[in-house]
Amino acid sequence: METPAWPRVPQGTAVARTVLLGWALSQVVSASGTTDVVEAYNLTWKSTNFKTILEWEPKPIDQVYTVQISSKFGNWKSKCFYTTDTECDLTDEIVQDVKQTYLARVLSYPAGNVDAVGSAGEPPYQNSPEFTPYLETNLGQPTIQSFEQVGTKLNVIVQDARTLVRMNGTFLSLRDVFGKDLNYTLYYWKALSTGKKTAKTNTNEFSIDVDKGENYCFNVQAVIPSRRTNQKSPESPIECTSQGKGQLREMFFIIGAVVFVVIILIIVLSISLHKCRKARAGTSGKENSPLNVA
């Protein structure tokens, strides 16, 4: 019996089918490389004293991210290439001009095929909200550099925080960046009281009237009144004066000095009396002794 033969396909048609099949497979592979990629979401700026980080979700599974940043009318610049992190430090970019408005975006790539792109010819991405550092960076907690209570005056000096903003190779302080826009509020109260008073300044120094001899507690807060949001920093740790302790130490010193002088006088008088008694005893002995008979 003769074995049946398969229908013979013309050679040109076979080549065409092979090419078509190869193209279809490449499209499937390309689609599978991008379909499983999840776009980033919940893009959030985290910034304090101009230290600025972009955060997003989700944690990657079989994908990586690249971040791009641009000023409002500038070109995109890539940062944090093909990372599995969900944050990117963009401080170096925004401190170049803190009054500019910036936009960032997070691009998603398949972990094993970063050259794959979507149907639009670029990887899936998500834009961040716009961010203007000068208006939106959080103010960090201020520090009290020194304080002194003299009589009825309480003098307090606030230390400006350093930022990563540079000018001529030098890191600038918050005062250098914000100038008179930066204010400080001092909250103060008597040590045994809960009623707070406030004082404000657009410098770094306070000199306020207080009751002589009373101890006071206080802290400070940085404020930018011209802002709509993020106007205030956290309050600094509380400091307290110690007028009573100083006066008590002074009183103990005086009493100690008086006691020391009295003890010395007693010792000197005791020695003097002892010598006098001894001298009198010697004189009396001579007067009472019998005369020698020749």
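**View 1. Isoleucine 255 is partly exposed, at 44% relative accessibility.** Partly exposed lies between buried (under 20% relative accessible area) and exposed (over 50%), with a 1.4 Å probe and protein chains only. The model is predicted: local features need pLDDT of at least 70, side-chain atom pairs count only at pLDDT 80 or more, and totals for chains, interfaces and linings use all residues. Residues are numbered from 1 along each chain as its sequence is written, and side-chain values use heavy atoms, without hydrogens and water. Isoleucine 255 sits in helix H5, residues 243–288. Helices (H or I, at least four residues) and strands (E, at least two) are DSSP runs, numbered from the N terminus.

**View 2. A nonpolar surface patch includes Ile255, Phe260 and Leu265.** Other members include Val259, Ile264 and Ile271. Together, the patch residues have about 880 Å² of accessible area, by the Shrake-Rupley method with a 1.4 Å probe, where only the protein chains shown count as cover for residues. Nonpolar side chains (Val, Leu, Ile, Met, Phe, Trp, Tyr) are joined within 5 Å, like charges within 9 Å.

**View 3. Three strands form an open antiparallel sheet, ordered S8-S9-S14.** Strands pair if DSSP finds at least two bridges between them. S8 (143–150) and S14 (205–209) are edge strands with a single partner each, so one side of each lacks a neighbour in the sheet.

**View 4. S8 and S9 (residues 153–159) run antiparallel, joined by seven bridges.** Phenylalanine 147 stands opposite valine 156 in S9.

Notes
Patch = residues over 30% accessible without salt bridge, like charges linked within 9 Å, V, L, I, M, F, W, Y side chains within 5 Å. Salt bridge = Lys/Arg side-chain N within 4 Å of Asp/Glu carboxyl O.
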